[in-house]
Amino acid sequence: VWFNKIPYLWPVNSPDSWLLNISKFKAHGMGMTLCSKNIQGTIAMNYQAHCTAYGDTMFGVDPNHIQDNAETEIYQNYFKHKAAGIPRWDRPGKGSGGIWMETWASRCLDNNSVNHAGLHIIEGIYGRDGNFLDGPAVGDLATDFMTNYIIFGRNSFHVDNIGHYLAGHEPGNFGLFHMAKERGMAKTINPSEIPLYDWGQTTGPKSAQLTDFQRFPLRTYYLQRDYNGQTEAKWHLVNEPYDYGTSTGIDNIQEDLTDFYMKEVYPNPVREQASIRFYVPRDGHVSINLYDSAGQLKSALFDRQTGYGNYAVDLKCRGFSSGLYLVKMNFENSVKIQKILVHR
């Protein structure tokens, strides 16, 4: 949505590397700064500053690496997400409001969509209330709690969803999770739908429920709001009830876009086969091709006239050597490109 190229720091994301993503159990302006946000530290300056660039531009970033219509698309998505009911997205202000959060979350999802850690971990022996140093304690300081949690899993957004819940927040109130599900990067925003296991030292993993675990109130300054004539405290919990059984329209909002899109190739890395899902907003010709890192055509996956709607194409990589490949989708005069890694 924002980036069309993100330069990584070697050896992150190289074909012969396996990334372990370890984050803290700490409150921040995004709610909790957990695994998904932590990934941004793996990219070069100033690209990793997508959460501190409050305005529409990112100083120090090659302008050729930013989509030409990035600001327009983000504003269109923001107004649709706001109308669809993402909580707190109606807070005004580009420096602390919904449009800033839409911009940050879009950049964060771009980053996560091309960087695939093997395991995501929240190291929560201690949890931190507040921000880095400032917080709600006496003297405006942050507070550390002995929480004794280590949370880990394969999907960063599912791990973070549980992390938000255990920090006393309702995950459905955070737009990042809605947007991740919209892009096909998370299966659910409902923490009760994410399988949980309590890993005992001697017993190993056993199925568990959310209610089996203690919640710690790690307060944040996330999208402080005014309601009923009162201003919410700067340090607060975002724990208003969220009805997961009522669709806000977020999941299907892509169908209203005037542009086409290609969801994240899954699984990635690919061993033998993956699925490419895409959407076209009107009748037109679509072609999808697979290229190796040298730009040589390896496979023509799709090439025909289509109508409006969602589509899926199988990507078969049997016999392909390990390495980096590019999936290129053309629709009319527009192009979408995704990187995939074939790994044997």
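**Cavities and backbone features of a predicted model**

Biologist: Which residues line the largest cavity?

Modeller: In this predicted model, local features need pLDDT of at least 70 and side-chain atom pairs count only at pLDDT 80 or more, whereas totals for chains, interfaces and linings use all residues. Residues are numbered from 1 along each chain as its sequence is written, and side-chain values use heavy atoms, without hydrogens or water. A cavity is a set of points on a 1 Å grid over the protein atoms alone where a 1.4 Å probe fits but cannot get out, and lining residues have an atom within 4 Å of a point. The lining of the largest cavity is made up of Met-30, Met-32, Leu-34, Ser-36, Lys-37, Trp-104, Asp-160, His-164, Leu-176 and Phe-177.

Biologist: Which helices each supply at least two residues of the lining of the largest cavity?

Modeller: Helices are DSSP runs of H or I with at least four residues, strands are runs of E with at least two, and both are numbered from the N terminus. Among the lining residues of the largest cavity are Ser-36, Asp-160 and Leu-176. The elements that each supply at least two residues are α1 (35–38), α4 (156–166) and α5 (175–182).

Biologist: Which element gives the most to the lining of the second largest cavity?

Modeller: The second largest cavity holds about 50 Å³ of space, and its lining consists of Met-30, Trp-89, Met-101, Trp-104, His-164, Phe-174, Gly-175, Leu-176, Phe-177 and Tyr-222. Two or more of these residues come from each of α3 (98–113) and α5. With three residues, the element that gives the most is α5.

Biologist: Is Asp-140 buried or exposed?

Modeller: Asp-140 has a phi near 55°, a positive value in a residue other than glycine, and is located in the loop between β3 and β4. Under 20% relative accessible area is buried, over 50% is exposed and values in between are partly exposed (1.4 Å probe, protein chains only). Because its relative accessibility is 59%, Asp-140 counts as exposed.

Biologist: How does Glu-332 count, and what is its relative accessibility?

Modeller: Glu-332 is not a glycine, although its phi is positive at about 55°. This residue occupies the loop between β14 (323–331) and β15 (334–342). Glu-332 counts as partly exposed, because its relative accessibility is 42%.

Methods
On a 1 Å grid over the protein atoms alone, a cavity is a set of points where a 1.4 Å probe fits but cannot get out, and a pocket is an open set with protein on both sides within 12 Å along at least five of seven lines; lining residues have an atom within 4 Å of a point. Grid points are joined across faces, edges and corners, and a volume is the space filled by probe spheres set on the points.
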